[in-house]
Every structure is written in C-alpha cells, then in structure tokens.
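Thanks for coming. I have one structure to go through today, so please bring it up on your screens.

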Amino acid sequence: MKDIELSAYLRRLVIGANTKIPLANGEYVNEINFDNAATTPPFFSVMKEITDFAPWYSSIHRGSGYKSKLSSNLYEHGREVIKKFVNADHTRDVVIYTKNTTESINILSYRLSQENKQHVVLSTDMEHLANDLPWRDKFQVEYVGIDEYGKLSLNDLENKLLKYKGKVKLVTVTGASNVTGYINPISKIAKLAHQYGAQILVDGAQLVPHDSIDMKAYDSPEHIDYLVFSAHKMYAPFGIGVLIGPKDIFEKGEPAYQGGGGVRLVSHQFIEWDSPPAKDETGTPNVIGVAALITGIETLNSIGMNVIHEYESNLINYAIEGLSEIPNIKLYCHCEKNEKRVSLISFTMQGIDYNVLAEILSLEAGIAVRSGLFCAHPYVEKLLNLSSEDLEYFHHNHDVPVPGLVRISLGLYNNYNEIDILLQFLDRIVRNKNYYKQKYKNIK
Ligand code: PMP
C-alpha cells in the first residue's frame with residue numbers, strides 16, 4: 001500500500017480522528033492530537049467488541065452460568081493472545097492483568113522486595129517515574145547514566161553491573177523513552193544483565209504500541225524476564241495493563257493487593273494463596289478491559305507492527321526534518337534519520353515558555369501537545385542541564401516556574417497534513433513571537 005492510502009486506511013480505524021473543536025476565535029477546526037504518548041483514542045474495532053460482548057458480560061471464574069463461563073473463557077484466552085503478541089513463554093510465563101504500567105511495576109517491586117532488600121536495582125536516568133519511584137523505598141537503587149545526547153550509556157551499565165557484582169537483582173529499563181523517543185537496545189541490555197546474574201524488566205509502555213517486541217526464549221541470553229505495558233496507549237483505553245514474568249517468581253511471596261479472588265482457602269489461622277495469576281488479581285477483574293485489549297492487539301496485528309513502525313517512523317522523521325528548519329526551535333534528541341525511534345519528539349522554542357507555547361498551539365490551531373517534564377523529571381532535568389542547585393531552588397520556590405519541554409507524540413492515525421499544519425503554526429509563532437507573547441501573557 002502506498003503511504004497515502006495506508007494513511008487514510010489507518011485513520012479510519014480510530015474513533016474521533018476528525019472531531020471538530022473550537023479555537024480561541026470561536027472558529028471550529030479538526031482537532032490534531034499529537035499527545036498519543038499520554039493515551040490513544042479507541043479503535044472502532046475495540047468499541048464494537050465491547051458493544052458485542054456487553055450482552056454476554058458476566059462475573060467470571062466461580063460463576064456457573066453460561067455467560068459466566070463465556071466471560072471466563074474470554075478472560076483466560078486473553079492471556080494467550082498477549083503472550084503470542086510479545087512472544088512470551090506459553091508455559092513458564094504468567095500474564096497478570098493490572099490497571100496499567102504503573103500498577104504492574106508497583107506489584108512487581110513489592111513482590112521482589114520480599115526476597116531480599118539488600119539487593120541493588122539498576123534503573124536508568126531516562127525512566128518514567130513509574131519505573132523509578134516504586135523501586136526507591138524497597139531497594140538500593142542506582143541509575144545508569146546517559147550520554148551527551150540523552151542516550152543510555154551501555155558502558156555505564158556494565159560499570160555498575162561490575163561495581164555491584166552479584167548484588168544486582170534487576171536491571172529495569174524503558175523500551176522506548178517518552179521524552180526523546182529513543183529505543184533502547186533491550187536485547188543487548190538483557191544479555192549484559194544476565195551475564196552478571198541479574199534479571200531485566202522492560203517498561204514497554206512506549207515501545208509495545210509502536211514496534212514489535214520479542215521476549216525471546218528462556219535459554220536465550222537476550223531473554224526479557226519481565227515486561228509491562230498499558231492498553232490505553234494501544235487504542236484500547238479501558239483500564240487494563242499487563243505484567244508478564246516467570247510464573248515461579250509469583251508463586252512465592254505475598255501479593256500486593258489482598259482480598260477475595262486470590263486465595264484457595266482461608267481460616268482465621270492461615271491464608272492459602274491461589275496460584276498465579278489469580279493470586280495477583282484480587283477483587284472483581286476488568287473483563288471488559290481484557291476484551292478491549294485483545295481486540296486492540298488483534299487490530300494492531302492485522303495491520304502489522306512492522307507496517308505501523310515504518311509508517312510512524314516516516315511521519316516522525318518528516319516532523320523532525322521540518323522542526324529542524326524552524327529558527328529558534330531546539331530539538332532534544334540525536335535526530336539521525338536512519339536511527340530507530342518511536343514517533344515522538346520534544347523541543348523548546350527560544351523566548352517562549354513551554355506551557356505558553358502548548359496553549360498557543362491548542363487555542364490558535366487546535367493542536368494538542370504535552371508540555372512539562374512528562375513524569376520523567378530526572379531525565380528532562382538532565383536534558384535541560386539543570387544543576388542540583390537549580391533543582392533545590394525550584395524545589396523551594398513554588399512561585400518560580402520549573403523549566404520544561406513541549407512534546408509531540410504521534411499515533412498511527414496521524415498524517416503528513418497534520419504535521420504540515422503544526423510546522424506552519426510554529427513558523428508563524430516564531431515570526432510573531434511578541435504578538436503571541438502579548439496575547440497570551442496571562443498564561444502560566
Ligand atoms: N512508562 C512510560 C515510558 C510511560 O510513557 C508511561 C506513561 N506516560 C508510563 C510508564 C506509565 O504508564 P501508565 O500511566 O499507563 O501507568
């Protein structure tokens with residue numbers, strides 16, 4: 001399929017791609033959503049599945065009714081679809097349904113910390129806070145550094161693995177950055193981690209929706225031990241996330257959430273936990289969310305993750321090329337064209353506050369972007385070269401605005417025309433900075 005036909009086809013898969021919204025001047029335009037790294041709109045197929053499934057929806061597992069059995073089958077079948085999607089091990093891995101990536105990592109960190117709190121966890125300087133904060137109060141955490149372009153330093157990873165030889169329990173790393181769009185070499189990282197006796201967790205929140213991922217066989221040195229991701233970034237925004245990992249790990253220890261559904265037998269004297277995944281899915285499960293995620297995955301599969309990756313790469317490269325030509329725009333990446341990345345990029349415009357720029361784009365052009373530190377504070381702080389003195393200052397002076405970036409993040413339904421509109425507006429803003437600054441001077 002030619003890019004243009006593919007683009008039109010992909011756009012038709014998503015609900016709300018052509019929604020009219022008001023601008024500051026009262027005129028209505030099609031909203032341009034460049035905030036897909038935060039969350040994505042649903043696929044039509046996902047909404048249809050939910051409506052089709054709704055009459056059959058019922059309580060699962062212990063229900064004896066026909067609908068209950070049907071709902072249970074769908075819920076359990078979902079785990080197989082997910083395993084196949086990321087090439088997890090069909091017998092040794094377990095898929096635990098969670099609310100989102102954040103919850104998945106919290107559940108895992110809680111569980112792993114029950115074994116030995118003396119262990120070291122190697123996180124990195126480029127993590128989302130979801131893959132940083134849950135480790136801090138449970139382990140000694142060290143952060144693998146980044147280079148001058150904000151890329152992960154594999155040298156530093158190896159140095160730290162050497163320094164804490166035998167003590168590192170886990171290397172926890174994002175598959176792709178939600179700030180720079182860099183894709184980390186997870187196979188290489190896995191190999192290194194295993195070489196030093198550690199396991200690896202990949203935060204797949206930004207990678208899984210944009211590229212294929214292979215957890216690889218257990219006997220491969222490049223095997224991914226744990227993988228987490230969120231359905232709401234995969235066109236299935238119905239409150240479901242995933243934690244995948246070795247079943248035997250979850251057989252041990254106590255679950256983070258305790259209550260009904262996760263036990264085999266309880267008396268006032270003892271608790272006998274159910275086996276995983278039920279043990280970690282206490283309370284009434286989100287069956288509709290699972291139905292949505294399965295259909296989301298099936299739709300992504302029907303397009304082909306390689307097709308999605310190629311289309312989105314072309315789009316983001318086009319955007320990067322255009323942005324580089326606009327004066328006063330600074331891009332926060334090493335933006336080589338042939339470099340593999342996911343479809344997002346962050347930037348600043350000299351002389352205009354990042355929040356104001358985001359507001360101008362929204363109110364003048366109907367373009368939704370994100371601005372700030374993107375829940376990756378340490379990473380953005382490093383990209384902006386903020387010193388620890390600077391950070392102390394912002395920490396203690398709440399009336400002083402903290403620096404930040406503007407981010408565009410593309411979904412498979414975005415197109416070249418939308419990028420052209422963004423580029424035109426940015427160009428117009430750069431050339432009329434004072435006019436826009438005056439007009440939006442009250443925006444903080
Ligand atoms: N990790 C990364 C890299 C992310 O971009 C996000 C979402 N912005 C998360 C984790 C957290 O995902 P969720 O909000 O779905 O828990």
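Start in the loop between β12 (271–273) and α9 (287–303), which is where Pro 277 is found. This is a predicted model, and in it the peptide bond from Pro 276 to Pro 277 is cis, with omega near 5°. I point it out because most peptide bonds are trans.

Two other loops have backbone angles to look at. Asn 328 is in the loop between α10 (305–324) and β13. Its phi is positive, about 70°, although Asn 328 is not a glycine. At 32% relative accessibility, Asn 328 counts as partly exposed. The other case is Phe 374, in the loop between β16 (370–372) and α12 (377–383). Phe 374 also is not a glycine, and its phi is a positive value near 50°. Is Phe 374 buried or exposed? Phe 374 is buried, because its relative accessible area is 7% and the cut-off for buried is under 20%. As background, most residues other than glycine have a negative phi.

Now to Ile 329, which lies in strand β13 (residues 329–331). Ile 329 counts as buried, at 14% relative accessibility. Leaving out residues up to four places away in sequence, Ile 329 touches Leu 323, Phe 347, Thr 348, Met 349 and Leu 426. Take Leu 426 from that list: Ile 329 and Leu 426 are 97 residues apart in sequence, yet 8.9 Å apart in space, C-alpha to C-alpha.

Next, a serine. Ser 71 sits in helix α3 (residues 66–86), and at 0% relative accessibility it counts as buried. Which residues is Ser 71 in contact with, once neighbours within four places in sequence are set aside? They are Phe 53, Trp 56, Tyr 57, Ser 58, Ile 60 and Val 287.

On to the aromatics. How many aromatic pairs does a search of the whole structure find? It finds ten. One of them is Tyr 393 with Phe 394, an edge-to-face pair at 5.8 Å centre to centre with 65° between the planes. Tyr 393 is partly exposed, with a relative accessible area of 45%, while Phe 394 counts as buried at 16% relative accessibility. Tyr 435 and Tyr 436 also form an edge-to-face pair, with 4.9 Å centre to centre and 75° between the planes. Tyr 436 counts as buried, at 5% relative accessibility. Separately, Phe 43, Tyr 235 and Tyr 413 form one aromatic cluster.

Last, the protein as a whole. The secondary structure comes to 15 helices and 17 strands. The C-alpha trace spans about 70 × 55 × 45 Å along its principal axes. The radius of gyration is 23 Å, which agrees with the value near 22 Å that a compact globule of 444 residues would have. Of those 444 residues, 54% count as buried. Among contacts with a separation of 6 or more, 72% are between residues 24 or more positions apart.

For the surface, the protein exposes about 19700 Å², and carbon and sulfur atoms supply 51% of that. There are 45 positive and 53 negative side chains, and the centres of the two sets lie 2 Å apart.

That is the end of my part.

Definitions and conventions:
Residues are numbered from 1 along each chain as its sequence is written. This is a predicted model: local features need pLDDT of at least 70, side-chain atom pairs count only at pLDDT 80 or more; totals for chains, interfaces and linings use all residues. Side-chain values use heavy atoms; hydrogens and water are left out. Helices (H or I, at least four residues) and strands (E, at least two) are DSSP runs, numbered from the N terminus. The radius of gyration is taken over C-alpha atoms; the globule rule is 2.2 Å times the number of residues to the power 0.38. Buried means under 20% relative accessible area, exposed over 50%, partly exposed in between (1.4 Å probe, protein chains only). Contact means heavy atoms within 4.5 Å. Accessible areas come from the Shrake-Rupley method with a 1.4 Å probe; for residues, only the protein chains shown count as cover. Lys and Arg count as positive and Asp and Glu as negative; His and the chain ends are not counted. The place of a charge is taken as NZ of Lys, CZ of Arg, CG of Asp or CD of Glu. Rings of Phe, Tyr and Trp (its six-membered ring) pair if their centres lie within 6.5 Å; planes under 30 degrees apart count as stacked, over 60 as edge-to-face and the rest as tilted.
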